[in-house]
Amino acid sequence: MAGETARAGAVGQALLAIGDQWTLLILQRAFHLRVRRFADWRDALGVSESVLSARLKELQAGGLLAPSPYRTDGRTRTEYLLTEKSLDLWPLLIALWSWERAWVPRRAALPALLHHGCGAPTDADLGCAACGAAPVTARDVATERGAATFAQVAVPRLHRRTVRPPAQDDPLSYFPETFEILGDRWATVLLAASLLGVRRFADYERELGVAPSVLAGRLRRFTDLGVLALDAADGRPRYRLTDKGLAFFGVFALLTDWAQRWYTGPPGTDLRLVHRACGRRLRPFLRCRGCGQALERTAVGFAPAGGAAPAGR
Ligand SMILES: [Zn+2]
Ligand SMILES: [Zn+2]
């Protein structure tokens with residue numbers, strides 16, 4: 001291959017833009033609580049001013065937040081508004097909520113998802129916009145890729161991983177397992193490779209071009225999280241996705257879809273998800289599990305779970 005510089009594919013570029021715990025939390029607050037101002041993010045997230053300032057700069061550079069002046073106390077200050085590009089992330093944030101709610105035990109209950117169309121608390125199923133079928137799961141979709149290796153899907157990380165999640169008792173802030181997957185480049189491509197059918201250590205190693213020690217650590221972490229299960233019954237160890245791992249497919253499909261709308265990678269780095277039943281490229285949409293209508297961004301919201309919500313769910 002002529003190009004020696006492994007420029008990231010569209011999914012890699014998308015992960016570079018949003019695959020960070022603080023970045024996701026900043027966007028989540030902007031979506032769900034309409035946070036627009038520096039001090040409000042700082043106070044809500046307990047994030048240091050230097051970290052917050054750096055993330056807001058990156059979000060602006062990436063076209064995910066737009067600065068807008070406002071007047072207060074006779075002074076002009078800046079607030080940050082979601083853009084068309086970041087507003088387009090709404091189904092991904094809902095899919096993250098849905099996965100955490102279904103699979104991750106938690107101390108503080110997640111807020112409830114409300115569909116204004118039917119007026120009820122609900123959950124969201126992934127569907128295929130081409131044929132209207134829902135739910136569509138990982139088993140209903142063929143994932144293909146071009147000739148490029150996953151090294152081009154992966155990207156260097158901008159930030160050190162944040163080890164301690166913030167505000168564990170805050171239901172909006174605590175998405176621990178999501179951050180382990182989306183906030184780490186190798187974790188994300190490992191999951192992508194698994195969805196493409198990679199099962200063996202040597203195959204992961206070759207596909208990802210990752211050091212064996214790093215790979216072993218991620219595989220161990222994923223088995224600890226219950227996203228992968230190690231099957232070594234016949235002496236030929238294989239990693240397979242569990243139901244919990246397969247359920248992350250919705251997030252992956254929406255991330256891929258968003259990435260391909262907003263980023264362009266080098267030739268051959270494209271991931272292609274095909275809905276087997278209709279044979280067309282999967283354009284995911286979210287459907288209300290209660291009433292069966294397609295969810296629209298302006299017709300969904302979150303309500304505090306309240307004191308009566310059971311703990312651990
Ligand atoms: Zn379809
Ligand atoms: Zn509904």
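Mentor: Let us begin with one term: two residues are in contact when they have heavy atoms within 4.5 Å of each other. Please keep in mind throughout that this is a predicted model.

Trainee: How many helices and strands does the protein chain have?

Mentor: The secondary structure comes to twelve helices and twelve strands. The chain has 313 residues, of which 49% count as buried. As for its contacts, among those between residues at least 6 apart in sequence, 69% join residues at least 24 apart.

Trainee: What does Phe249 touch, not counting residues up to four places away in sequence?

Mentor: The partners of Phe249, with those sequence neighbours set aside, are Leu126, Thr137, Ala138, Val141, Leu195, Leu273 and Leu282.

Trainee: Is Lys244 buried or exposed?

Mentor: Lys244 counts as buried, because its relative accessibility is 8% and the cut-off for buried is under 20%. This lysine belongs to helix H11, residues 243-247. Apart from residues up to four places away in sequence, Lys244 touches Trp99, Trp103, Glu177, Leu225, Gly226 and Val227.

Trainee: Which residues coordinate the zinc ion (ligand 1)?

Mentor: The zinc ion (ligand 1) is coordinated by Cys128, Cys131 and Cys278 through SG, and by His275 through ND1, at 2.0 to 2.3 Å. Along the chain, these donors follow the spacing C-x2-C-x143-H-x2-C.

Trainee: Why is the arrangement around the zinc ion (ligand 1) tetrahedral?

Mentor: The four donor atoms subtend angles of 103 to 117°, and four donors count as tetrahedral if all angles lie between 85 and 135 degrees. As to accessibility, His275 is buried, at a relative accessible area of 4%, whereas Cys278, at 25%, counts as partly exposed.

Trainee: How many salt bridges does a search of the whole structure find?

Mentor: In general, side chains of opposite charge can pair when their charged atoms come close. The search finds 14 salt bridges in this structure. One of them joins the side chains of Arg261 and Asp88, at 2.8 Å from N to O. Arg261 lies in helix H12 (residues 249-262) and Asp88 in the loop between helix H5 (84-87) and helix H6 (90-103), so the pair ties together parts that are 173 residues apart in sequence. Arg261 is partly exposed, at 37% relative accessibility. Asp88 and Arg261 also belong to a network of salt bridges with Asp257 and Arg283.

Trainee: Where do Arg289 and Asp125 lie?

Mentor: Their side chains meet in a salt bridge, at 2.7 Å from N to O. Arg289 is in the loop between strand S11 (284-288) and strand S12 (300-303), while Asp125 is in strand S5 (residues 124-128); the pair links distant parts of the chain, 164 residues apart. Arg289 counts as partly exposed at 48% relative accessibility, but Asp125, at 11%, counts as buried.

A further salt bridge joins Asp243 and Arg139, with the closest N and O atoms 3.8 Å apart. Asp243 lies in helix H11 and Arg139 in the loop between S5 and strand S6 (141-145), so parts 104 residues apart in sequence are tied together. Arg139 is exposed, at 57% relative accessibility.

Trainee: Finally, where is the place of Cys288?

Mentor: Cys288 is in strand S11 and counts as buried, at 1% relative accessibility. Cys288 and Cys118 are 170 residues apart along the chain, and their C-alpha atoms are separated by 8.8 Å. Leaving aside neighbours within four places in sequence, the contacts of Cys288 are His115, Cys118, Thr122, Asp123, Gln293 and Leu295.

Terms used:
Residues numbered from 1 in each chain as written. Chains lettered and ligands numbered in written order. Predicted model: local features only at pLDDT ≥ 70, side-chain atom pairs only at ≥ 80, totals over all residues. Heavy atoms only, no water. Helix = DSSP H or I, 4+ residues; strand = E, 2+ residues; numbered from the N terminus. Buried < 20%, exposed > 50% of the residue type's maximum accessible area, 1.4 Å probe, protein only. Donors = N, O, S within 2.8 Å, 3.2 Å for Na, K, Ca; no water. Tetrahedral: all angles 85-135°; square planar, octahedral: opposite > 155°, others 65-115°. Salt bridge = Lys/Arg side-chain N within 4 Å of Asp/Glu carboxyl O.
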